[in-house]
Amino acid sequence: TVASPGGDPSVANVDLAWQQPGVGGFLLRNGVKTPLPGNDPAVGGALVAWHDGPNVIVASRDTLTPVLQEPLAGVQKLALTDRWLVWRSGLEIRVQPLSDPTRSALVVKAKRFAELGRPALDGDLVVYHYATPAGSWLTTVNVATGARNRVRFSKDAQLLNPSLLGGSLLYVRASRCAQELRLGPLHGGKERVLYELPPLAGQDRGHESGHTEQGERLPCAHRPKPTARILWTTALSPTTAYVTVLRPRRGGRTTPTLVS
């Protein structure tokens with residue numbers, strides 16, 4: 001456990017940032033935890049960013065001295081490198097070059113009944129999840145060239161909250177049998193399951209008492225015992241994978257725990 005409560009990790013080399021609900025962002029650098037004057041922090045390159053309402057601040061990670069401040073209406077989540085600032089607001093993800101904050105471009109806009117995940121950024125590649133009633137997928141967009149690539153797709157599982165590092169992809173796969181934190185090559189290949197929780201729902205016998213068991217039922221390898229905990233946002237460093245675990249509370253609230 002890295003932080004409890006805490007979640008929505010962002011990592012650059014050995015520096016880690018996260019959000020504590022009701023408090024704000026934190027930066028862990030050289031073993032020192034520093035509160036940040038805003039929310040939803042992200043780290044990348046030599047920079048750290050956060051927002052205070054619609055106002056986004058990009059600062060040096062060494063000194064926390066601001067290098068850019070600007071209003072971005074509806075901003076919710078951030079990602080950045082030394083070259084790019086990416087943010088999600090509502091049903092859109094947008095990008096702007098840090099060398100020219102007057103320009104921005106649309107990365108993706110969600111259609112009706114679709115949901116966009118938190119963006120992550122590595123070099124010139126933005127990655128995000130897109131979910132609809134017909135399925136979910138993970139997409140990368142090269143913000144320098146505009147090249148777009150769907151790297152994972154599923155009709156019967158939720159693929160959520162990816163992170164990138166070099167040629168590696170970290171993401172959550174939530175199916176009817178398990179919730180898995182998976183790590184594998186970006187463009188497909190053998191994957192490893194780094195962490196696993198049971199599914200969010202159980203499984204019945206698949207037939208009525210006294211009737212045949214034949215049919216189209218596909219049982220899980222082990223009958224799952226459901227959990228209320230949810231695997232959520234991720235971050236990936238050269239040595240460590242991070243994931244937020246949400247635990248529902250009374251009144252519709254959730255408490256996040258950041259796990260490495």
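So, one term before we start: when I say disulfide, I mean a pair of cysteine sulfur atoms within 2.5 Å. And keep in mind that what you're looking at is a predicted model.

With that in hand, how many disulfides does a search of the whole structure find? It comes back with 1. The two partners are Cys 177 and Cys 220, and their sulfurs sit 2.0 Å apart. If you look down the S-S bond you get -90 degrees, which makes the link of Cys 177 and Cys 220 left-handed. Now, where are these two along the chain? Cys 177 is in the loop between strand 19 (168-174) and strand 20 (179-185), while Cys 220 is in the loop between strand 21 (192-197) and strand 22 (230-236). That's 43 residues apart, so the pair links distant parts of the chain. Are the two ends buried or partly exposed? Cys 177 has a relative accessible area of 28%, so we call it partly exposed. Cys 220 has 9%, so that one is buried.

You'll find it in strand 17, which covers residues 148-154. Its relative accessible area is 8%, so Ser 154 counts as buried. What does the side chain of Ser 154 do in there? It makes a polar contact with the side chain of Asp 156, at 3.1 Å. The Ser 154 side chain also reaches the backbone nitrogen of Ala 157, at 3.0 Å. And if we leave out residues up to four places away in sequence, Ser 154 touches Gly 135, Ser 136, Leu 159 and Arg 173.

Strand 10 (residues 84-89) pairs with strand 9 in the antiparallel sense, over 5 bridges. Together strand 9 and strand 10 form a hairpin, with 3 residues between them. One of the bridges has Leu 80 partnered with Leu 85 in strand 10.

Last topic, charges. Side chains of opposite charge can pair when their charged atoms come close. How many salt bridges do we count here? The count comes to 12. Let me take you through a few of them.

The side chains of Arg 83 and Asp 124 meet in a salt bridge, 3.1 Å from N to O. Arg 83 is in the loop between strand 9 and strand 10, and Asp 124 is in the loop between strand 14 (120-122) and strand 15 (125-132), so this pair ties together parts that are 41 residues apart in sequence. Arg 83 is partly exposed at 49% relative accessibility, and Asp 124 is partly exposed at 22%.

Then there's Asp 100 with Arg 103, a salt bridge at 3.2 Å, N to O. Asp 100 is partly exposed, at 25%, and Arg 103 is partly exposed too, at 48%.

And then Arg 182 with Glu 180, where the salt bridge is 2.7 Å, N to O. Are these two buried or exposed? Arg 182 has a relative accessible area of 19%, and the cut-off for buried is under 20%, so Arg 182 counts as buried. Glu 180, at 13%, counts as buried as well. Elsewhere, salt bridges that share partners join Asp 15, Arg 29, Arg 61 and Asp 62 into one network.

That's my tour, so over to you for questions.

Key. Residues numbered from 1 in each chain as written. Predicted model: local features only at pLDDT ≥ 70, side-chain atom pairs only at ≥ 80, totals over all residues. Heavy atoms only, no water. Helix = DSSP H or I, 4+ residues; strand = E, 2+ residues; numbered from the N terminus. Buried < 20%, exposed > 50% of the residue type's maximum accessible area, 1.4 Å probe, protein only. Polar contact = N/O pair within 3.5 Å; in protein donor to acceptor, adjacent residues only side chain to side chain. Contact = heavy atoms within 4.5 Å. Pairing = 2+ DSSP bridges. Salt bridge = Lys/Arg side-chain N within 4 Å of Asp/Glu carboxyl O.
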